[in-house]
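Let's take a friendly walk through this structure, strand by strand and loop by loop. Have the sequence and the 3D view open as you read.

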Amino acid sequence: MTSTEDSEILNTLLHYQHGYLISKIMFTAAELGVFDLLSESEEPLTSVAIAECLETSHVGMQRLLEACVALKLLRIECRDNKGFYRNTALANLYLAKSSPKSQYSYMKFDSEIYYPSFQYLADAIREGKNQISSIHDSSTKDFFQAAYRTEEKTQLYFNAMKNIWILYSREIISMFDLSRFHHICDLGGGSGIFAEEHILSYPNSSVTIFDLPDVVEKAKNNFVALEDSRISFQGGDFFKDPVPKADLYILSKILHLWGDEKCMQLLTKLYEACKPGGGILVVEPVLGEERVKSLGAHFASIKLLLHTDGKTRTSPEHKALLTAAGFKEIQAKIGSVYGALLGRK
């Protein structure tokens, strides 16, 4: 092994070993308002000015800013023996809370919900089951009970989902020609972002968002396009209650929450409810068939192990479930982060 190869291996080790620090540094700077301040400022600012504006210590802020420069989240310009900081394009686009593409809420959700739970990862791997009662308390039975526990947590979850779909919903909707489907039922689509994107792409369609009654009531208070008659809400449990009749059912990030048996129960129910000639659109983080790539899907898989009884799947595994439920003509496509499958009845 050459010294260059050894150095590259050590750098990879350093990056992986301290990965938790990278995410926490990035989120802390966002939470304190560093990226928003620099986004709104007409000129670069010194660490002293940033600390004063954000009411933090100078020593702490200076160390945070220097770390953000090392992570390429900020740039520094030296003038008159002083450092002046400004955002990189990444920070302006995705880290400033004020950006239309901000991922702040998703990072906050990760930091507050997922990050603390990873202390139980070894237990989850030893036992092969979720650690939801240990992560929260013995009375908490599932992930959504924890996510919806308070108004604040519910709002955070909605905002986190909005962050994701703002980035990826248009890409997913454009993967297939869905113009033949006029009435859509988005199951578990409480945030409404996916529904909004669909009617923007297909103005002659309508969407019913079907979610738990409590979620629906909260979603109505947060949904900016509620006055649009093409989007409606219906409360219910899609495992227990009848689902609305529709031309197309959308399951976005739903099937990975459960094992095969429960997924089959839901897919069979949707096939029976689906109008003849209708279909189903499944959106999921998809594992590559060789399973060793698709890093994002593996991250999702580990989160699922900690918090649910579900799992990520390959496209053939998704196709097998859809086929067993009765759907045919199944097409599968992989996007930049998520995969999508379209099946017909």
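Strand β11 (residues 328-334) pairs with β12 in the antiparallel sense over 5 bridges. Two strands count as paired if DSSP finds at least two bridges between them, and the elements themselves are DSSP runs numbered from the N terminus: helices (H or I) of at least four residues and strands (E) of at least two. This is a predicted model, in which local features need pLDDT of at least 70 and side-chain atom pairs count only at pLDDT 80 or more, while totals for chains, interfaces and linings use all residues. Residues are numbered from 1 along each chain as its sequence is written, and side-chain values use heavy atoms, with hydrogens and water left out.

**Around β12**

A hairpin of 4 residues joins β11 to β12, and isoleucine 334 stands opposite glycine 339 in β12. Strand β8 (residues 279-284) also pairs with β12, in the antiparallel sense over 6 bridges; here valine 283 stands opposite alanine 340. How many residues of strand β12 are buried? The count is 6 of the 6 in residues 339-344, so the strand is largely enclosed by the rest of the structure. Buried means under 20% relative accessible area, exposed over 50%, and partly exposed in between (1.4 Å probe, protein chains only). Both faces are covered, with Gly339, Leu341 and Gly343 buried on one side and Ala340, Leu342 and Arg344 buried on the other.

**A sheet of three strands**

An open sheet has the order β1-β3-β2, with antiparallel pairing. β1 (45-46) and β2 (74-79) stand at the edges with a single partner strand each, so one side of each has no neighbour in the sheet. β1 and β3 pair over 2 bridges, and leucine 45 stands opposite tyrosine 85 in β3.

**Threonine 88 and the loops**

Threonine 88 sits in the loop between β3 (82-87) and α6 (89-95). Its side chain reaches the backbone oxygen of lysine 72 at 3.3 Å. That is a polar contact, meaning a pair of N or O atoms within 3.5 Å; within protein, one must be able to donate a hydrogen and the other to accept it, and residues adjacent in sequence count only if both atoms are side-chain atoms. Leaving aside residues up to four places away in sequence, threonine 88 touches Lys72, Leu73, Leu74 and Arg75, where contact means heavy atoms within 4.5 Å.

Lysine 72 itself lies in the loop between α5 and β2, and its phi is near 65°, a positive value in a residue other than glycine. Glutamate 55, in the loop between α4 (47-54) and α5 (58-70), has a positive phi too, near 55°. Most residues other than glycine have a negative phi.

Serine 301 lies in helix α15 (residues 295-307). Its C-alpha atom is separated by 26 Å from that of isoleucine 9, 292 residues apart along the chain.

| Residue | Relative accessible area | Class |
|---|---|---|
| Threonine 88 | 6% | buried |
| Serine 301 | 26% | partly exposed |
| Lysine 72 | 63% | exposed |
| Glutamate 55 | 74% | exposed |

**A pocket**

Which residues line the second largest pocket? They are Asn11, Leu14, His15, His18, Leu21, Ile22, Ile25 and Leu71. The elements giving two or more residues to this lining are α1 (3-17) and α2 (19-32). On a 1 Å grid over the protein atoms alone, a pocket is an open set of points where a 1.4 Å probe fits, with protein on both sides within 12 Å along at least five of seven lines, and lining residues have an atom within 4 Å of a point.
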